[in-house]
2 protein chains.
Amino acid sequence: MTEPAAARRPRADAARNRERILEVANEAFREGGLEVSVAEIARRAGVGSGTLFRNFPTKTDLIHAIVEMHMNQWLDVIEKSLAAEEVGPAFEAFFERAVLFNYLDRGMLEAVKGGMLNDDADLNACKCEALASTAKLIERAQAAGVLRQDLNADDIYALAAGVAESAHAAVREGLADPKDAHMRYMGVMLAGLRPVG
Amino acid sequence: MTEPAAARRPRADAARNRERILEVANEAFREGGLEVSVAEIARRAGVGSGTLFRNFPTKTDLIHAIVEMHMNQWLDVIEKSLAAEEVGPAFEAFFERAVLFNYLDRGMLEAVKGGMLNDDADLNACKCEALASTAKLIERAQAAGVLRQDLNADDIYALAAGVAESAHAAVREGLADPKDAHMRYMGVMLAGLRPVG
DNA sequence: CCATAACCGGAGCGTTCACTCCGTTTGTTG
DNA sequence: CAACAAACGGAGTGAACGCTCCGGTTATGG
C-alpha cells in the first residue's frame, strides 16, 4: 500500500514563487483586465513562463485561483453585513461595497461577465453560497421596508455591476475622480431601490 | 491644371461590395463584439480580405465607419425627442431608447467604452452635437420637475450604459428574456432619476 | 557535504490575428 | 468589341499569444 496522495510539502522557493505569481497576477488583472499576457505576469513576478505554467497549467487556472480568492473575501463581507444591527444602513453599506467590488477590479468584472463563475465547480459553490447569504440580507431589508419587494439577490448584483459600469463611464468622460467615482451615482440608485409609494 | 481630387464614381461592383461589407460587419460586431476577426467578416460578406482592406485600410477604419453610422441614427432619435410635446413622457421614452441603444449592440458598447468617440475628429463632432442636443432635453425635463437637478447629459448616458449592463447581467443569470431585459431595471432607474423630496 | 529529486528559465512550437502583395478577372468606355 | 484601368481574392508576412520541453540549477534529507 503506497501512499497515493501523500502530497509532500513543496520546496520553499517554489511556494514563494507561487505566492508571488498570485500577488502579481491579481494586481495585473485588476488594473489591466484579463487580457494581460501570461508572459507579462511572469516577467513582473521575476520568474520564467515555465514556472508559471507549472503552478497553473493554463491561464484559466490562474484566473480561477484569483477569482476564488476574491469570492472568499466577498463571503466575509456578506457575513459581516449579516451581523450588523441596524438593517437599513447595513443594506446600504453592503450595496456600496458591492458596487466598489465591481468598480475596483477590471479582471474580476470581466471574469464574472464571461460567466466564469459557472464554469468551475468550486467557484459555482462560492457563488451559490454568496447568493444564499445575500438573499437573507435582502429579505431583512425588504421586511424592514427599506427595499423594493420586486428584487432578489441576483438583481442586486446585476444593479451593482451596472452602477460600477456607470462610474467607469463617468471617469472616462472626466466627470468624476477615479478615487470616488463609485459614489457618484449611489444616491440615484439608492433612491431607486427604495420601495415605491 | 489637372483635376486633383476628381474622385470619379467607383465601379458598380465595388460600391456593392462596400455596402455589403458595412452591412455584414455591423451585424457581426453587434452580435459578437469588436473582436470578431476581419477575415470572418470578409468571409461572411463573400469577398476576399484584400477587398475589405482596400475599402477600410485598417480594422479601426471599418469600426469608425459603423460607429459614425450609428451616431447619425442616434442624432435623429434625439431630434425626434426634442420635437415631442409632453416633456415628462418624452424624457422617459428617450432614456429607454438610450438604454436600448447600449443594450442591443455589443460592438457599439465596446467602442464607446474604449473611448473611440474621442479618437476620431468626425466621431467627436457627432458626440459633441449629441451632448448639446441632449442637454436641451435634460434642461427641459429638469425645468418641468421630472428629473433630478444634479445630473447632466454625460451622466444620463453613463447611467443608461449602466442599466444596459445590468440587463446583460440579468440575461446571463437567466433572470430575464433577452428580448425585453432592458426593461427589467427601468422602473428602478426611473424612480432614482426623479427629483428628491 | 553529497546525491537526488524538485524546480528553474527561456527558447521554441503551433495558432490566430491584422495587414500586404500581386497575378488574375471584370466593369467601363470609346 | 477591344483595350485598359479598376477591382478582385487569397496566399503570404510578421507579431503576439498560450503553452511545451528540456538542459541547467538549487533546495533538501540523510
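Reply: Let's start with a term: contact means heavy atoms within 4.5 Å. This is a predicted model, where local features need pLDDT of at least 70, side-chain atom pairs count only at pLDDT 80 or more, and totals for chains, interfaces and linings use all residues. Residues are numbered from 1 along each chain as its sequence is written, chains are lettered from A and ligands numbered from 1 in the order in which they are written, and side-chain values use heavy atoms, with hydrogens and water left out.

Me: How many residues of chain B are in contact with chain A?

Reply: Take the chain A side to begin with: 27 of its residues take part. On the chain B side, the number in contact is 27.

Me: And what area is buried between chain A and chain B?

Reply: Buried area is the accessible area (1.4 Å probe) that two parts lose on being put together, summed over both. Carbon and sulfur atoms give 59% of it here. A:Lys113, A:Arg172 and A:Val188 supply 23% of what chain A buries against chain B, more than any other three residues. The whole area comes to about 2300 Å².

Me: Which residue of chain B meets A:Glu165 in a salt bridge?

Reply: A salt bridge is a side-chain nitrogen of Lys or Arg within 4 Å of a carboxyl oxygen of Asp or Glu. The rule finds six of them across the interface of chain A and chain B. In this one, N to O is 3.2 Å, and the partner of A:Glu165 is B:Lys113.

Me: Now inside chain A: how far apart are the centres of domain 1 and domain 2?

Reply: Domain bounds come from an automatic or database domain assignment, which gives domain 1 (10-57) and domain 2 (63-193) in chain A. Eleven residues of domain 1 of chain A are in contact with eleven of domain 2 of chain A. Taken over C-alpha atoms, their centres are separated by 27 Å.

Me: Which residue forms a salt bridge with A:Glu35?

Reply: The count between domain 1 of chain A and domain 2 of chain A is one salt bridge. For A:Glu35, the closest N and O atoms are 3.7 Å apart, and the partner is A:Arg106.

Me: What area do domain 1 of chain A and domain 2 of chain A bury between them?

Reply: Of this area, 66% is on carbon and sulfur atoms. On the domain 1 side, A:Asn26, A:Arg30 and A:Leu34 lose the most, together 53% of what that side buries. The total is about 910 Å².
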